[in-house]
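Open the model in your viewer and keep the selection tool at hand. The stops below say what to select next and what is there.

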Amino acid sequence: MSAPSSPAFSNRSAPPKSDERIAVIGAGIVGSAIAWCLARDGHPVLLLDRADPASAGASFGNAGHIAVEQLEPLPSIELLLTFWRELTLCGGCVHIPLHRLAALAPWLARFTAAAFHQQRNTPSLAALVRPAADILERTLRDIGRPELLMRRGHYAFWFGSRAREQAAREAQEARERGFGIEPAPAELTGVIKARTPGAVAGLWFRDSAHVLDPQNVAAALVQAAVRAGGQFQREEVLEIFPEGGRVAVRTAGQLLKVRAAVVCAGVQSAPFLRRFGLRAPLTSERGYHLEFADTPALSDAPVVYASHDLIVTPMRGRLRATSYLEFERHGAPPDVRKIERLRRTLEGLGYTSRTRHDGWVGSRPTLPDYLPGIGRAPGDAPLFYAVGHQHLGLTLSTPTAEAMAALVSGREPPFDLRPLDLRRFGAPRPR
Ligand SMILES: Cc1cc2nc3c(=O)[nH]c(=O)nc-3n(C[C@H](O)[C@H](O)[C@H](O)COP(=O)(O)OP(=O)(O)OC[C@H]3O[C@@H](n4cnc5c(N)ncnc54)[C@H](O)[C@@H]3O)c2cc1C
C-alpha cells in the first residue's frame, strides 16, 4: 500500500485518471517548483517523493542565497591551476577523499575538459541565473507567499593584507557584468572588524536576494500546486520505463502509466534516466550547515566571509552558516571533523550560541560542466528531466520550472535549452 500524503499537502478532489497525470519524481526545490508551474498551467500533476517536500535532499539545508551574481560555471582554467589552494589540506573548503579518487576520475576528466569551455558555457547558465530573483519573486507573489523572499542583496568580506585588493577586483568584475556594487556600510564593517583582528574590506551586492527558509519555499510551492489540483504522494519510486508512448512509474505500492514524467530526483536521478537512453554523470558535492537559534544577525542580508569560504544567512528564527565542497558518496555519514572545524571558524568570527546544533550535510547534484541538465529524452517516451543544479538549485528552481512548464506544454521555452540537453554526455554505458 502506498504511504499516505502528508495532511498539509492533501486535497479532497478525486484523483484524475491515472493515465492523464504528469508524474514529477522528486520534491526537492526543483520538483516542487516544477509541480507548481505545471499545475498552474492546468496539467494534472502527481508529485512523488519518499519524504515531505525539501526535507530529504539538498533543498532542505542550503544557504538560501539567490545567487544572481554567479553567472559562470565553476570549471575554469584558473581553477585548474589554483585548485590545490582550495583543498581542506591547505585550509580551504574543498575535500576530495583519497578513497574516492578512482570513482571520481571520469567525472574529474570531464570537469577538466569543461574548464576549457567556460566562456562558451557561461551564457547558457547566465540566461537562467540573471532573472532568477525576479522570477522567484513573481512566483512567490502568485502563490500568495511573497514574505518568504528578502531582496536585500548580500555582503561579502575579505580579510588580511590583500583584503582591499581582493574586494576591488571583485567589485570591478561585478560592475563589468552589470551588477550593482557598493562598499559595505561602515557600521557593518566596523562590527566585523571589531570581532576579527587585521584588515577587512567589504562589498554590498545589491541585486542578489535570500529566502527566509528554503524548506518553507518548497512546501509553499507544493501547497500551491495541490490547491491548483495537483497531488503529492510520499512514495519511493523504484523504477520508470517507457511503456507504449507513455511512462510507467513503479513505486513500492503501485504501477502507474502516466501521460508524461519529469525526473528531478537530485543526485539520485541518473538510474531513472538510463532506461531512456540518457547519461547523467552526476556527482554528489556535499555541503554542511550549522545553525544558531539564539545569535543575533549582523545584518538583514547574508554575509559571505570570502576568506573563510562560508556564508551566514539570516533565516526565520535562526542564523544558518554553510560551507564545504566535499566529494564524498551520497549517504555516507557526515564528517564530524568538518562540522567542528566550521564551529571553531564561526566562533573565531564571533558567532557563539548557548544551544548546540549538531550540523547537517547534504548532496549538491552536480554535472561535471556545472550546467544543469534540462530537456526531454530522445525517442517517443514523454520523459522530461531537470537535474544537476549544483550550487545553484534554489536560485535556478523557478527559471527551470518555467522552462519545464513550457516544454511539457509544447510552448517555446523562455531559455535556450539546447546546451542543457543531457545528450552532451553521450549515451549511457551498457551495464
Ligand atoms: C550546503 C549547501 C548550500 C547551498 N546553498 C545554496 C544557495 O545558497 N543557493 C542556491 O541556489 N543553491 C544552494 N545549494 C544548492 C541547492 O540546495 C541544490 O542545488 C538544490 O537543492 C537541488 O535541488 P533538487 O530538487 O534538484 O534536489 P534535492 O533537493 O536533493 O531533492 C531531490 C529529491 O528527490 C527525492 N528522491 C530521490 N530519489 C527518489 C526516489 N527513488 N523516490 C522518491 N523520491 C526520491 C529525494 O527524497 C529529494 O527530496 C546549496 C547546497 C548545499 C548542500
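Begin with S2 and strand S10 (residues 231–234), which pair in the parallel sense over four bridges. Strands (E, at least two residues) and helices (H or I, at least four residues) are DSSP runs, numbered from the N terminus, and two strands pair if DSSP finds at least two bridges between them. This is a predicted model: local features need pLDDT of at least 70 and side-chain atom pairs count only at pLDDT 80 or more, while totals for chains, interfaces and linings use all residues. Residues are numbered from 1 along each chain as its sequence is written, and side-chain values use heavy atoms, with hydrogens and water left out.

Is S2 buried or exposed? Five of its five residues are buried, where buried means under 20% relative accessible area, exposed over 50% and partly exposed in between (1.4 Å probe, protein chains only). In a regular strand the side chains alternate between the two faces of the sheet. On S2, Val45, Leu47 and Asp49 lie on one side and Leu46 and Leu48 on the other, and all of these are buried.

Next, select the largest nonpolar core, which has 74 residues. Such a core is a set of buried Ala, Val, Leu, Ile, Met, Phe, Trp, Tyr and Cys residues joined through side-chain atoms within 4.5 Å. Val24, Ile34, Leu38, Ile66, Val262 and Met404 have the most contacts inside it. Helix H1 (residues 29–40) gives the largest share of this core, nine residues. The core lies between domain 1 (7–59 + 215–279 + 369–425) and domain 2 (154–205), because both give residues to it; the domain bounds come from an automatic or database domain assignment.

Which residues does isoleucine 34 touch? Leaving out residues up to four places away in sequence, isoleucine 34 touches Val24, Val262, Cys264, Ala386, Thr400, Ala401 and Met404; contact means heavy atoms within 4.5 Å. Another core, of 33 residues, lies apart from the largest one, and Trp107, Phe111, Phe327 and Ile339 are among its members.

Two loops come next. Most residues other than glycine have a negative phi, and most peptide bonds are trans. Alanine 54, in the loop between strand S2 (45–49) and helix H2 (58–61), has a positive phi near 50°. At 2% relative accessibility, alanine 54 counts as buried. Aspartate 309, in the loop between strand S16 (303–305) and strand S17 (310–315), also has a positive phi, of about 55°. Aspartate 309 counts as partly exposed, at 26% relative accessibility.

Move on to threonine 122 in helix H5 (residues 118–129). Threonine 122 is buried, with a relative accessible area of 15%. Beyond its neighbours within four places in sequence, threonine 122 is in contact with Leu71, Glu72 and Pro73.

Finish at the open sheet of three strands, with the order S11-S12-S13 and antiparallel pairing. Strand S11 (237–243) and strand S13 (255–258) are the edge strands. Within it, alanine 248 stands opposite lysine 257 in S13.
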